[in-house]
Amino acid sequence: DFLETYHGEGFPPCNLWTCPPPKTWNDGDAKNNTFHCLRTLEEEGENSIYCQFLDDENFREYFDMTVDEWQLENRYGELSDEARFKYESRLAQLKKCHGDSCRQVHKDSRTINQ
């Protein structure tokens, strides 16, 4: 698995509409479009993405990409508390680790959560 991060436009110092637009400006972007995702892709196993958005709603997404490859149905509400804890913990670990330590954290996490 790996970390996927996107920082939406509109963060200080100038926020969305007061910054001079870059050459590839996307008018549909905003600061609440900032997220961190845990992408899990195993050769013979899980194929999913779990995302946390940095917004006022504390929005979360989970997609099982083996059955929903286009990410059309957010199934976060269907996750068990144990599954939510597993994804949230792994995402937090990936946001902090560097280099090979990320792989070791993953091995430790799997042992604990199985």
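The buried residues of H2 are Ala83, Tyr87, Ser89, Arg90, Leu91 and Leu94; buried means under 20% relative accessible area, exposed over 50%, partly exposed in between (1.4 Å probe, protein chains only). The model is predicted, with local features needing pLDDT of at least 70 and side-chain atom pairs pLDDT 80 or more, while totals for chains, interfaces and linings use all residues. Residues are numbered from 1 along each chain as its sequence is written, and side-chain values use heavy atoms, without hydrogens and water.

**Exercise 1.** Compare the span of helix H2 with the expected one.

*Solution.* Take residues 81-96, 16 residues in total. Helices (H or I, at least four residues) and strands (E, at least two) are DSSP runs, numbered from the N terminus.

**Exercise 2.** Describe how E3 and E4 pair.

*Solution.* Pairing requires at least two DSSP bridges between the strands. E3 (residues 47-53) and E4 have five and run antiparallel. Isoleucine 49 stands opposite phenylalanine 63 in E4. Six residues lie between the strands of this hairpin, where asparagine 58 takes a positive phi near 60 degrees. In E4 (residues 60-64), four of the five residues are buried.

**Exercise 3.** Classify glutamine 52 as buried or exposed, then find its partners.

*Solution.* Glutamine 52 lies in E3. It counts as buried because its relative accessibility is 13%. Its contacts (heavy atoms within 4.5 Å) include Phe59, Arg60, Glu88 and Leu91, not counting residues up to four places away in sequence. Leu91 is itself among the buried residues of H2.

Notes. Expected span 1.5 Å × (residues − 1).
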